[in-house]
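Okay, thanks everyone, let's get going. Have a look at the sequence and the model while I talk.

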Amino acid sequence: DRLVDRQTARTYEAAQQECPAPWNDAGGQRAALESASLRFTSIGGAPLTDGYHFGQTIVDDFGRPYGEGANWIAGISGRGVLGPLGVYLRGEYQRAASRPPLSEEARQWIARADGVPVPAAEPEKATERFRLLEAYASFNFHNWMVSFGKQNLWWGPGRGGSLLFSSNAEPIPMFRINRVLPFKFPLFLKWLGPVRAEFFFGQLAGHQHIRTQLGRPVDPQPFLHGQKINFKPTPNLEIGFSRTAIYGGPGLPLTPEGIWRTLFSYGNSFGPADPGDRRSGFDVAYRVPGLRQWLLVYLDAFAEDEPSAIAHPHRAAMHPGIYLPQLPGLPNWDFRAEGAFTDLPDGLAFPGFYYANVRYLDGYTNRGNLLGHWVGRQGHGMQFSSTYWRGPRDKVQFGYRRAMVSGDFLPGGGRIDDYTVRMDWLVRPNLGFSASVQYERWNIPVLSAGKESNVLTSVQLTLWPD
């Protein structure tokens, strides 16, 4: 198809411009400003900002704060290399509108659901701060990348969310080992195909409640570590296994013995032998034979306190999806559909079980935002999007997202519907313009007696210096 060939050529040319080859010039030494951006977001109407309990108006946005009114960020990013050494920095100044306090009913419910003191009835002040979203140094040794600093991870095949690790929360500071180029196992394990693996150990922030220390500051903050390995036994099939564990904090000193328990213990204990808050994940992506250029199907799953999500499907949250890179007769259009659920009829130890824990009462969060999927602790949702690609960087996307909170967890349940239109346009080879409009309707009786709505408009300019 000549049209597809032209699109492929334009995409390849754009990739060459964005990732130029001469990064190894001057004996492998170079430093450059990667991008500078300015984004303004206006929200008219009451937005949702607590994904751990109710839902979020803005998802997968690195935990950036927002509120009703004017919100804006101004950021820069840059990188440098010196042989096998590398440095990456991405910082921004964030300004977010203030947020009113929750109602008495909502605050009382949070206290009951989480087993914590009733939150204070205080508004959240406007945010004005500089934040390093990502800042790390790395060393490449035979295609193993060892890095230290704040880094973003996305552990799932979907684009609308990832159950075990996503960009919904602010990246955490971590020590990370990552295989940047696949390798193959020898001998009879060669059938597993190319393999990628990674490991990280980091520390969370923003946790305020640990059951053994209620009423006292959480110091030190809990640690989080994770492992992921991916196999590609055929050109059409990729399989991944992952695991994370929260450990440490008050009452659980960070020791080799404690880390060993988080990795290999199958039991549970609330005393000094507590193995931590463990989660396992599984993902698979498959290009249908004969339709490799037309259809990709994938599944993301995770289980609480189980060694394997795939071995315990009745206790695993699921996130299936399909992606069509082009529609029949419409080669410039793609289509993606995803669903997700954590409200399993079998597998809930208590209401709001997923992403929660009986020791770490702030759950699977960093600075108050879920590290996993926006579907939340006990709910289900769906997301659809279709994009018209005018070029490799010029596109218009139409999207719809629905999130439902179970009435077994949240009294009266809840429903969120988002309708979005987004445009990205390359004004010049090094200047991009983005604009989006989102209309949201939500009905959460604990937060408001009636139905609420808001309109979000956002514009962004991004400069990629030559």
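I'll go through salt bridges, then aromatic pairs, then charges sitting over rings.

Quick housekeeping first. This is a predicted model, so bear in mind that local features need pLDDT of at least 70 and side-chain atom pairs count only at pLDDT 80 or more, while totals for chains, interfaces and linings use all residues. Numbering runs from 1 along each chain as its sequence is written, and side-chain values use heavy atoms, with hydrogens and water left out.

Side chains of opposite charge can pair when their charged atoms come close. The rule here is a side-chain nitrogen of Lys or Arg within 4 Å of a carboxyl oxygen of Asp or Glu. How many salt bridges does the structure hold? There are 24.

Let me start in helix α3, residues 104-114, where glutamate 104 and arginine 107 sit three residues apart, about one turn of the helix. Helices, by the way, are DSSP runs of H or I with at least four residues, strands are runs of E with at least two, and both are numbered from the N terminus. The closest N and O atoms of glutamate 104 and arginine 107 are 2.4 Å apart. So are these two buried or exposed? The cut-offs are under 20% relative accessible area for buried, over 50% for exposed, and partly exposed in between, with a 1.4 Å probe and protein chains only. Glutamate 104 comes out at 41%, so partly exposed, and arginine 107 is at 8%, so buried.

Next, helix α4, residues 256-264. Glutamate 257 and arginine 261 are both in there, four residues apart, again about one turn of the helix. Their closest N and O atoms are 3.4 Å apart. Arginine 261 is buried at 16%, whereas glutamate 257 is exposed at 57%.

Arginine 402 is partly exposed at 23%, and aspartate 417 is buried at 4%.

And salt bridges can join up here too: Arg39, Asp61, Arg64 and Glu92 are linked in a network.

On to the rings. A pair of aromatic rings is described by the distance of the centres and the angle of the planes. Rings of Phe, Tyr and Trp (its six-membered ring) pair if their centres lie within 6.5 Å; planes under 30 degrees apart are stacked, over 60 edge-to-face, and the rest tilted. By that rule we get 23 aromatic pairs. Take phenylalanine 353 and tyrosine 354: centres 5.3 Å apart, planes at 70 degrees, so that one is edge-to-face. Tyrosine 355 and tyrosine 364, on the other hand, are stacked, at 6.0 Å centre to centre with 5 degrees between the planes. As for burial, phenylalanine 353 is buried at 5%, tyrosine 354 is buried at 0%, and tyrosine 355 and tyrosine 364 are buried at 0% as well.

Last bit: charges over rings. That needs NZ of Lys or CZ of Arg within 6 Å of the ring centre and within 35 degrees of the ring normal. Arginine 377 lies over the face of tyrosine 52, at 4.1 Å from the ring centre. Arginine 393 does likewise with tryptophan 464, at 4.9 Å.
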